[in-house]
Amino acid sequence: MKYVIAFVTLFTIVIAAPLDNSQNAQIIRQDLDNIGVDGYKFAYETSDGVTREEQGELRNAGTDNEAISVRGSYSWVADDGQTYTVTFLADENGFQPEGAHLPKA
């Protein structure tokens, strides 16, 4: 439970952080749903082409195996004009990203 509270607190700080002033990006879409101790869901899009969607849930609550599982994706437009997208799963097995531009193991 304490890990979930710490994670939600960190999440709130990160999402509230100011954008890089050099780019002057504006948030054009933001959805915050179901933010609580058992999980959360959010999505946003900025005027510079950045998008992010994420959903987390608490698994095995109240046990020694309590863990949060997070699924999501993010994308951005790089300096070369191409949009790059990363989908990921983060859970007790670590951060597992996938993307066409990422090397395969």
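Buried means under 20% relative accessible area, exposed means over 50%, and partly exposed lies in between (1.4 Å probe, protein chains only). The model is predicted: local features need pLDDT of at least 70, side-chain atom pairs count only at pLDDT 80 or more, and totals for chains, interfaces and linings use all residues. Residues are numbered from 1 along each chain as its sequence is written, and side-chain values use heavy atoms, with hydrogens and water left out.

**Exercise 1. Classify Ser75 and list its contacts.**

Step 1. Locate the residue. Ser75 is in strand 4. Strands are DSSP runs (E, at least two residues), numbered from the N terminus.

Step 2. Apply the cut-off. Ser75 has a relative accessible area of 10%, so it is buried.

Step 3. Collect contacts, meaning heavy atoms within 4.5 Å. Leaving out residues up to four places away in sequence, Ser75 touches Gly49, Val50, Thr51, Thr83, Tyr84 and Thr85.

Step 4. Look for a polar contact (a pair of N or O atoms within 3.5 Å; within protein, one must be able to donate a hydrogen and the other to accept it, and residues adjacent in sequence count only if both atoms are side-chain atoms). The side chains of Ser75 and Thr51 make one at 2.5 Å.

**Exercise 2. Find the strands that pair with strand 4.**

Step 1. Set the rule. Two strands pair if DSSP finds at least two bridges between them.

Step 2. Take strand 3 (residues 51–59). Nine bridges join it to strand 4 (residues 67–77), and the two run antiparallel. In this pairing, Arg52 stands opposite Tyr74.

Step 3. Take strand 5 (residues 83–91). Eight bridges pair it with strand 4, again antiparallel. Val77 stands opposite Thr83.

Step 4. Inspect the link. Strands 4 and 5 form a hairpin with five residues between them. Gly81 in the turn has a positive phi of about 85 degrees.

Terms used: Helix = DSSP H or I, 4+ residues; strand = E, 2+ residues; numbered from the N terminus.
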